[in-house]
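Subject: Structure handover

Hello,

Here is the structure for you to look over. My notes on it follow below.

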Amino acid sequence: MPVQTTSPRRLMPRHHRLYPLLAIAVLAVTGLTGARLPGYELLHLHLFDHWSGKPATGDSLWLPNYRVRIDAKPIAGIENLSGITYDHDRNRLLTVSNGGAAEILALDRNGEVLERYRLEGFVDIEGLAYLGNGRLVLAEEIDQRLSFIDLPAAGETIKATQARTLTLEIDPSRQNKGLEGIAYDADGDRLFVVKERDPLRLYEIRGAGAALEGRLQLHVRDLSAWLERSVSARDLSDVHYDPQTGHLVLLSDESKLLVELDGEGDFVSFRSLRGPISDLGESAPQPEGVTMDAEDNLYVVSEPNLFYVFQRDGASR
């Protein structure tokens with residue numbers, strides 16, 4: 001049975017006067033609790049969603065329908081979890097730790113460590129995306145470099161000198177505000193890359209997979225206008241591409257927020273990662289990575305070593 005969801009629709013005139021009052025009331029309450037909301041625009045859409053109660057068309061993820069299944073599970077022996085991606089070939093998760101000895105960890109979907117791959121020579125890896133057939137791309141923040149690697153056998157070291165690289169020094173930043181997250185659209189051979197802040201940036205890179213096979217057809221497109229139009233967040237820490245809808249899920253660490261954008265960059269839905277206004281026991285301290293698996297489960301990792309799983313209410317799409 002398909003899941004019945006709700007989505008933002010045109011506001012009926014008789015409700016216009018209620019929304020500012022509701023917004024003021026919610027902002028006042030959260031001010032007393034110390035929580036910070038993602039801005040009036042997203043708050044307005046959230047309130048409107050609860051008032052409208054009309055079924056969506058089924059062509060969105062609709063983040064408010066996700067409920068926590070695993071809440072802040074510590075992964076032992078890890079100091080600094082960053083990005084996360086889904087390995088669809090082996091039905092597992094891949095995450096990166098850049099505290100202490102940098103390494104890629106393979107996890108099962110309950111957050112148990114399966115394998116480890118030591119990293120050597122990479123600088124401040126903040127994001128990663130699985131391209132398929134054992135190939136990964138790593139996002140190095142300060143140097144704003146994308147490094148393309150092949151996973152070796154478990155336990156072997158991955159060396160930076162063996163990677164093929166692409167540097168995006170478009171907005172140079174040496175203050176830990178560079179590339180933070182990356183996602184891959186396999187059908188369109190598109191990478192989506194986010195820059196953390198000062199300024200926020202979103203880039204689309206077409207043709208990376210083809211280039212790795214010897215067909216140099218790279219096309220870099222600046223989609224940062226989408227952020228200005230549709231995202232109310234103070235920073236960006238990761239991005240996920242959903243192949244079923246063609247939508248992006250953006251993660252903000254400072255705003256503790258997940259935001260869904262459609263294929264044209266328009267706002268669709270959001271979900272808070274703050275304990276006082278979500279189903280989390282406590283706010284995610286520093287959410288750094290987001291991904292989804294083939295069954296629509298949503299995963300978030302937070303520094304220092306916390307693992308979260310969110311599941312859609314009801315059946316999958």
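First, one term: a residue counts as buried when its relative accessible area is under 20%. By that cut-off, F192 is buried, and so is Y241. Please keep in mind that this is a predicted model.

**Overall**

The protein has 4 helices and 21 strands. Of its 317 residues, 54% count as buried. Among contacts with a separation of 6 or more, 54% are between residues 24 or more positions apart.

**Sheet β11-β12-β13-β14**

This is an open sheet of 4 strands. Its order is β11-β12-β13-β14, and the pairing is antiparallel. The edges are β11 (179–185) and β14 (219–222), each of which pairs on one side only. From one strand to the next, the twist averages 20°. Inside the sheet, β12 (residues 190–195) and β13 (residues 201–206) run antiparallel and are joined by 6 bridges. V194 has L202 in β13 as its bridge partner.

**Sheet β1-β21-β20-β19**

Here is another open sheet of 4 strands, with antiparallel pairing and the order β1-β21-β20-β19. β1 (66–74) and β19 (286–292) are its edge strands, and each pairs on one side only. Ignoring direction, neighbouring strands are turned by 20° against each other on average. β1 is joined to β21 (residues 306–312) by 6 bridges, and the two strands run antiparallel. K73 has its bridge partner in β21, namely F307.

**Aromatic pairs**

How many aromatic pairs does a search of the whole structure find? The count is 3. One of them is F192 with Y241: the ring centres are 5.7 Å apart and the planes lie at 10°, so the pair is stacked. The cut-off for stacked is planes under 30 degrees apart. This pair links distant parts of the chain. F192 sits in strand β12 and Y241 in strand β15, 49 residues apart.

Y299 and F307 also pair. Their ring centres are 6.0 Å apart, with planes at 40°, so this pair is tilted. Y299 is buried, and so is F307. F307 is also the residue that bridges to K73.

Why is strand β6 (residues 125–132) described as largely enclosed by the rest of the structure? Because 8 of its 8 residues are buried. β6 pairs with β7 (residues 135–140) in the antiparallel sense, over 6 bridges. Within that pairing, I125 stands opposite E140 in β7. The hairpin has 2 residues between the strands. N133 takes a positive phi there, near 55°.

**Loop β15–β16**

P243 is found in the loop between β15 (238–242) and β16 (247–252). Is P243 buried or exposed? It is exposed, because its relative accessible area is 55% and the cut-off for exposed is over 50%. P243 and A294 are 51 residues apart along the chain. Their C-alpha atoms are separated by 9.7 Å.

Over to you.

Best regards

How values were computed: Residues are numbered from 1 along each chain as its sequence is written. This is a predicted model: local features need pLDDT of at least 70, side-chain atom pairs count only at pLDDT 80 or more; totals for chains, interfaces and linings use all residues. Side-chain values use heavy atoms; hydrogens and water are left out. Buried means under 20% relative accessible area, exposed over 50%, partly exposed in between (1.4 Å probe, protein chains only). Two strands pair if DSSP finds at least two bridges between them. Axes are lines fitted to C-alpha atoms, for helices over the stretch in contact, and angles run from 0 to 180 degrees between N-to-C directions. Rings of Phe, Tyr and Trp (its six-membered ring) pair if their centres lie within 6.5 Å; planes under 30 degrees apart count as stacked, over 60 as edge-to-face and the rest as tilted. Contact means heavy atoms within 4.5 Å.
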